[in-house]
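Please look at the sequence and the model first. The report below goes through the sheets, the cores and some single residues in turn.

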Amino acid sequence: MTAQKTCSLTEHTPESIRSPEDYAPIVGEERVQELVRLATPLQGKGWANVNSALVGGGVAELLRASVPLARGLGLDARWYVMEGGEEFFRVTKKFHNMLQGQHEELELEEIFGAYLGTIDDNVRNAFITSDLVVVHDPQPAAMVMNGIIYGNVIWRCHIDTSDPASVVWRFLLPYINHCAGAIFTMPEFVGAGLHVPVYQIMPSIDPLSDKNIDRTPDEARDVLQPIFLKAGIDPERPIFAAISRYDIHKNQATVIDAFKAFVDATSYDPRPQLVFLGNTAEDDPEGDGILEGLTERADGHPDIFFLANVENNDAVVGSLLDVAECFIHVPTREGFGLVVTEALWHRTTVIGSRAGGVVAQVRDGQTGFVTDPLDTDGIAKSMHDVMEKTDLCQGLCEAGRAHVREFFLLPEQMRRYLLLMRYYAHVDRIPPDFRLSDLTYSELIGAMRPRPPFFPD
């Protein structure tokens, strides 16, 4: 094993503060005032987040939006990003795959060298104190036992852990149970053996980000024109967009097979095109290999295109969703799928799979089309329905945007974090209504511990 470089935990300071009033035209003044009311007793209190990537991936995108809004609400919100070398991210990618049920070989040297060694490097000169500290996903999980974090620590799991490999789940359990609580996206993801309070918070998108703002068709085409010209994509032909990281669980291979079956069985003029768009996350070392395999699977098909790590990514993603006839996302495992939320918000017809958090967003015949992730024929049929049932699709698109406005925009996620902070700061005595667990072992032990003696001044 090659030597790991010295790594350190660094604080990222957002460039701006976001006022909650900026969201009033989108979600309404009443919901904005509720945020202000919930945040008033928390003025100056700390909310820290720790994750493993500053750019790339859904967690970084969530924090990039939520930390500025939290500051705009008067919280002392902070964002810490850990560093890691190639071997660290290779082993944490194994953790990610194994938590989602995939079989991987995991060696002790990887755990105690690449993983725990990198954790030790990151915490060597670090100190975090905050009223609420949220540690995101497996990468920084072991930090909670290193004595450098002070406050109510919550482990936030963004992964579909409904059927994890027992070896990695058992390895992570002591770290999770050391926390004051854990947050999962879906109740089905909560694993066995947790002794801490468990909460449900679903991710959200920022409707004010460059990716999610409304653009006219002409504005969207202007953004895409140089990329389409270089790749040979015809803007006048229907586009089926597949946007996500290049990852085995995203199941892009089945999308290719379904699209081939779809175009072989139909004779649309002009012919539809399938456009893949994906970026490489800092903490995902497998993306390049997955993309290479997908390219081989497409085998030079003239209507299938692959885009990767494009410049001006957020504007390109939003513009592609604006012009696409359909968005296809049929993962076999999915923590949530923020790109599905983005597609629904852009009023793009969605074909989704019965996997993870996708089912909370895409309701068959109501907000989109739903299929089994490996049902090639079913996916191809849904593609055909998109082309044929335009009136139905228009209704699905409007319902999808309304569904996102109600449940999956940033103010709703912030509302839940404020309620969680109020509970742990003892502003509210009753747990928030999105708590999933009853009284837990850790709470019982805490209640049974003798109180320290009182020494009057």
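## Strand S3 and its partners

Glu11 has Tyr80 as its bridge partner in S3. The two strands involved, S1 and S3, pair in the antiparallel sense, over three bridges. The model described here is a predicted one.

Tyr80 is also the bridge partner in S3 of Val50. One step along, Asn51 is partnered with Val81 in S3. These pairs belong with strand S2 (residues 46–51) and strand S3 (residues 76–81), which run parallel and are joined over six bridges. Between the two strands comes a helix: S2, helix H3 (residues 58–72) and S3 form a right-handed β-α-β unit.

## The seven-stranded sheet

Where do these strands sit in their sheet? They are part of an open sheet of seven strands, ordered S1-S3-S2-S4-S5-S6-S7, and its pairing is mixed. At the edges are strand S1 (10–12) and strand S7 (198–200), each of which pairs on one side only. From one strand to the next, the twist averages 30 degrees.

## The six-stranded sheet

A further open sheet has six strands in the order S10-S9-S8-S11-S12-S13, with parallel pairing. Its edge strands are S10 and strand S13 (369–371), and each of these pairs on one side only. The twist here averages 20 degrees from one strand to the next.

Within this sheet, S8 and S11 run parallel and are joined by two bridges. Phe240 has Cys326 as its bridge partner in S11. Helix H10 (residues 313–323) lies across S8, S9 and S11, and runs at about 145 degrees to S8.

## Nonpolar cores

In soluble globular proteins, nonpolar side chains tend to be buried together. Which residues have the most contacts inside the largest nonpolar core of this model? They are Trp47, Leu75, Ile243, Leu320 and Leu418, in a core of 72 residues. Helix H14 (residues 410–424) gives the largest share of this core, nine residues. Another core lies apart from it and has 48 residues, including Ala48, Ala114, Ile119 and Val144.

Setting aside neighbours within four places in sequence, Leu75 is in contact with Ala39, Leu42, Lys45, Trp47, Ala70, Leu418 and Met421.

## Two buried loop residues

Arg333 is found in the loop between strand S11 (326–329) and helix H11 (338–345). Is this residue buried or exposed? Arg333 has a relative accessible area of 16%, so it counts as buried, the limit being under 20%. Its side chain reaches the backbone oxygen of Gln100 at 2.8 Å. Apart from neighbours within four places in sequence, the contacts of Arg333 are Leu99, Gln100, Gly101, Asp160, Ser162, Asp163, His249 and Ala355.

Pro207 is placed in the loop between S7 and helix H7 (217–231). Pro207 is buried because its relative accessible area is 4%, which is under 20%. Not counting residues up to four places away in sequence, Pro207 touches Tyr23, Ile26, Asn212, Ile213, Trp345, Leu409 and Leu410. Pro207 and Met383 are 176 residues apart in sequence, and their C-alpha atoms are 27 Å apart in space.

## Backbone details in loops

Asn251 is not a glycine, yet it has a positive phi of about 65 degrees. Asn251 is in the loop between strand S8 (239–243) and H8, and it is buried, with a relative accessible area of 7%. Asp299 is not a glycine either, and has a positive phi of about 55 degrees. Asp299 lies in the loop between helix H9 (287–298) and strand S10 (304–308). Asp299 has a relative accessible area of 64%, so it is exposed, the limit being over 50%.

What kind of peptide bond joins Asp269 and Pro270? The bond is cis, with omega at about 5 degrees. Pro270 is in the loop between helix H8 (252–265) and strand S9 (273–278).

Technical notes
Residues are numbered from 1 along each chain as its sequence is written. This is a predicted model: local features need pLDDT of at least 70, side-chain atom pairs count only at pLDDT 80 or more; totals for chains, interfaces and linings use all residues. Side-chain values use heavy atoms; hydrogens and water are left out. Helices (H or I, at least four residues) and strands (E, at least two) are DSSP runs, numbered from the N terminus. Buried means under 20% relative accessible area, exposed over 50%, partly exposed in between (1.4 Å probe, protein chains only). A polar contact is a pair of N or O atoms within 3.5 Å; within protein, one must be able to donate a hydrogen and the other to accept it, and residues adjacent in sequence count only if both atoms are side-chain atoms. Contact means heavy atoms within 4.5 Å. Two strands pair if DSSP finds at least two bridges between them. Axes are lines fitted to C-alpha atoms, for helices over the stretch in contact, and angles run from 0 to 180 degrees between N-to-C directions. A crossover is right-handed if, with the strands pointing away from the viewer, the path from the first strand over the helix to the second runs clockwise. A nonpolar core is a set of buried Ala, Val, Leu, Ile, Met, Phe, Trp, Tyr and Cys residues joined through side-chain atoms within 4.5 Å.
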